[in-house]
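Here are a few friendly notes to read alongside the model. Take them one at a time, and find each place in the viewer as you go.

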Amino acid sequence: MDDELRERIEREAEKHALLNAVKHDSDADVGAIMGPLMGENPDFRQHGGEIPGLIGPVVAEVNRLSAGEKRERLEDLAPEELAEMEAEEEADDSLLPDLPNVEAYDEVRMRAAPNPNGPWHLGHARMPAVIGTYKEMYDGSFIVRFDDTDPETKRPDLTAYDAILDDIDYLGFEPDDVIRASDRVETYYDHARELIEMGGAYTCSCSGEEFSNLKNDGKPCPHRDKDPETTREEFEDMVAGEYSSGEMVLRVKTDIEHKNPALRDWVAFRMIDTPHPREEAADYRAWPMLDFQSGVDDHLTGVTHIIRGIDLQDSAKRQQFVYDYFGWDYPEVVHWGHVQVDAYDVKMSTSSIKERIDAGEVEGWDDPRVPTIKSLRRRGIRGQAIVDAMVGLGTSTSNVDLSMSTVYANNRDLVDDDTDRYFLVRDGEAFAVEGGPDSAHPPLHPSFEERGTRDIPVGDSVLLESGDVPAEGERVWLKGFGAVRREGDSLVATGDALDVVREGDVDVIHWAPTDGVPVRMRTMDGDVTGVAEPDFGDAPEDELVQFERVGFVRVDDRGDDETVVYFAHK
């Protein structure tokens, strides 16, 4: 590394250390600035092994400054980035736009309406994150309504109801009410009967193809003008299960010449032969379509504001016909685009993930390779990190991209102060150590000396990661131990002072004794094995720790032969 590059790295490191310290009103941390530093300067990556040792002294100098001095220095060094950061902080409390016409309602009431056909993928987190945040903004109510009235094509998974509520709790929200639509079928029947009496619905036995042709031609169904009494009788036969799937439907009478064919006399109820998996709903065969069921429920539960995908604009238009028949006021609607998430090879779809699980390509809904809330939770990602990222996307009608690096950065801010540090060597090479102390005592956390130190015995030999192994005759600094020079299969202590690191002549690397704790680290790219320092064996299950120079991990299982951890992020 030449002097010009070294000076550039130090200058960039100072900027990022100041940004980190000023943003969080605390000392900067080498681990926290490595990601932004490398992301902004990709040409630094080839020197990744050298950079922590090079920027460590820079970060230490920044941390010696007072809060006021840090801000003044940052204003001199990067005024535009300081101004942008402060503007973002001012906008943090208003990332979501105001809901429309809130002044017209005594209370803002919103609902998340999941289909419980499986555990939630990451995209599902957006709705409760935004609704829960609006609830807090307006001191409103948050309803969870399981739209489970399709026991066939979107067949409910009986384990998904509680799993989804558990995910909402993990995200930090508690619903004010929980409703299962399959408990309310009689309510939908009653409203259908009222609609029939008004002349607003009729039973239809046309085949799907027959009605589609009529609808597209703007021609009425031959059953459209049947009298309400006949319709009522045939609907009661539907309720009694007298028809098979596809034999009879109940249609809402709209405008058969409407410019949008999708709104012409749409289906409100259909027959389904497949029993519902919930015992309480297994006897029903006449099931409401989502637009009818959801429209009725939104009114009866007092929903004031609905958030739904931009692709569901026709739902509001269909439901408006029902609302007009009953004389109801339609809720305010906010449409948003879809969210796409990077970093995964698995499609963000419940059915696609299930197919991969059934095929044995991934191990389950909490496999680190799948984009599910369960997976992120098992990896040690805090729910708040996901909520902050989702809220940050706003409610634009355009499709939006969520970078997982945003979730990781949020999580790092949440957990960094609480996570103790340890060494993990992945697939290491063993070297005998000659000279130097018998053990090393690095701090549990570099920013909190009061937490104490770890005890890492050197023993007969230590492990180094293959990328850290020095060439014959070269020196490295074993973190917490000191400088060593490679001589064949041995690392010989040199007694050099820390100045050799500050001067950039020696790289700082981590290490572990060969008889340390065997570790299997589960990552998005597959399993990685290694050996951690002995004190890591005291970290309890479910604890989040940081393997220095590797990343944050959650301790998952303490087995007899190895400890399994789940990789969270750098």
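Predicted model: local features only at pLDDT ≥ 70, side-chain atom pairs only at ≥ 80, totals over all residues.

1. Let's start with a helix and its surroundings. Which residues of H7 are buried? Within this helix, which covers residues 160–170, they are Ala160, Tyr161, Ala163, Ile164, Asp167, Ile168 and Tyr170. As you look at that list, keep in mind that an α-helix has 3.6 residues a turn, so residues three or four places apart point the same way. Just after H7 comes glycine 172, with a positive phi of about 105°.

2. Next, have a look at the largest nonpolar core. It has 49 residues, and Ile381, Ile386 and Leu402 touch the most other members. Helix H15 gives the largest share of this core, with six residues. There is also a second, separate core of 37 residues, and Ala192, Leu195, Ile196 and Phe292 are among them.

3. What does isoleucine 381 contact, leaving aside its neighbours within four places in sequence? The partners are Tyr170, Leu376, Ile386, Val407, Tyr408, Asn411, Ala568 and His569. Tyr170 is also one of the buried residues of H7.

4. Now for two backbone angles. Most residues other than glycine have a negative phi. Alanine 343 has a positive phi, near 80°, and sits in the loop between strand E10 (339–341) and helix H13 (350–358). Aspartate 427 also has a positive phi, near 45°; its loop lies between strands E13 (424–426) and E14 (429–434). Is aspartate 427 buried or exposed? It is exposed, because its relative accessible area is 54% and the cut-off for exposed is over 50%.

5. Finally, step back to the whole protein chain, which has 17 helices and 27 strands. Its radius of gyration is 31 Å, well over the 25 Å that the globule rule gives for 570 residues, so the chain is more spread out than a compact globule. Its C-alpha atoms fill a box of roughly 100 × 55 × 40 Å along the principal axes. Of the 570 residues, 51% count as buried. Among contacts with a separation of 6 or more, 68% join residues 24 or more positions apart.

6. One last point concerns surface and charge. The chain exposes about 25800 Å², and carbon and sulfur atoms supply 42% of that. It carries 60 positive and 126 negative charges, whose mean positions are 4 Å apart.

Note on methods: Residues numbered from 1 in each chain as written. Heavy atoms only, no water. Helix = DSSP H or I, 4+ residues; strand = E, 2+ residues; numbered from the N terminus. Buried < 20%, exposed > 50% of the residue type's maximum accessible area, 1.4 Å probe, protein only. Core = buried A, V, L, I, M, F, W, Y, C linked by side-chain atoms within 4.5 Å. Contact = heavy atoms within 4.5 Å. Rg over C-alpha atoms; globule rule 2.2 N^0.38 Å. Areas by Shrake-Rupley, 256 points an atom, 1.4 Å probe, with all protein chains shown as cover. Lys, Arg positive; Asp, Glu negative; His and termini not counted. Charge placed at Lys NZ, Arg CZ, Asp CG, Glu CD.
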